[in-house]
Amino acid sequence: MSTLFYERTPFDILVRNFFQDASHFAPLEDTKVPHPVDIYTTDTNLVFDIAATGISKEDIQIQTQNSTLRVNYDKSNNEDNKDYIHKGIAKRSFNLGWKIDSKFDLSKAKAEFVDGLLTVTIPFAKGSELKTLKIS
């Protein structure tokens with residue numbers, strides 16, 4: 001067996017250290033199956049759609065601190081003792097976290113839970129709107 005070695009860039013080291021230092025973030029290499037999340041922007045917001053099928057909204061924790069958004073669900077608190085024949089709905093624990101750019105106002109974030117979909121909406125900060133400059 002050969003060992004794969006590649007030179008890490010400063011960006012790789014920064015990202016690795018970011019995940020190692022924050023206990024609520026899971027390194028990508030430990031994640032066996034990524035949790036389904038859609039992230040997109042609208043004209044006024046940054047939006048996170050997070051799948052939460054079969055999970056009660058009371059069991060999901062959403063935290064914001066400085067420029068970090070964290071979404072956590074711990075399945076160990078909600079174990080069921082069913083004798084499954086087939087288990088196709090994943091209700092596994094997840095710890096998700098994102099560093100939010102300063103052009104978004106994280107203090108005004110809102111969360112909504114409808115039909116198993118958690119939507120976190122973060123508006124653009126004042127002064128960070130797209131501006132069109134006229135060339136003189």
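**Core and rings**

Mentor: Start with Phe124, which counts as partly exposed at 22% relative accessibility. Keep in mind that this is a predicted model.
Trainee: Why "partly exposed" and not buried for Phe124?
Mentor: Buried needs under 20% relative accessible area, and Phe124 is at 22%.
Trainee: OK, and Phe104, buried or exposed?
Mentor: Phe104 is buried, with 9% relative accessible area.
Trainee: Switching to aromatic pairs. How many are there?
Mentor: The structure has three. One of them joins Phe48 and Trp98, and this pair is tilted. Their centres are 4.6 Å apart, with 45° between the planes.
Trainee: Where do those two sit?
Mentor: Phe48 is in strand S2 and Trp98 in strand S5, so the pair ties together parts 50 residues apart in sequence. Phe48 and Trp98 are both buried.
Trainee: And how do the rings of Phe104 and Phe124 lie?
Mentor: Their centres are 4.8 Å apart and their planes at 35°, so that pair is tilted. Phe104 is in the loop between S5 and strand S6 (110–114), Phe124 in the segment after S7, so this pair links parts 20 residues apart in sequence.
Trainee: Now the core. Which residues touch the most other members?
Mentor: The largest nonpolar core has 18 residues. Phe48, Ile50, Leu69, Val71, Trp98, Ile100 and Ile122 touch the most other members.
Trainee: Which strands supply at least two residues each?
Mentor: S2 (45–51), S4 (68–73), S5 (94–99) and S7 (117–123).
Trainee: What does Ile50 touch, leaving out residues up to four places away in sequence?
Mentor: Among them are His35, Pro36, Val71, Trp98 and Leu118.

Conventions. Residues numbered from 1 in each chain as written. Predicted model: local features only at pLDDT ≥ 70, side-chain atom pairs only at ≥ 80, totals over all residues. Heavy atoms only, no water. Core = buried A, V, L, I, M, F, W, Y, C linked by side-chain atoms within 4.5 Å. Buried < 20%, exposed > 50% of the residue type's maximum accessible area, 1.4 Å probe, protein only. Helix = DSSP H or I, 4+ residues; strand = E, 2+ residues; numbered from the N terminus. Contact = heavy atoms within 4.5 Å. Phe/Tyr/Trp six-rings, centres within 6.5 Å; stacked < 30°, edge-to-face > 60°.
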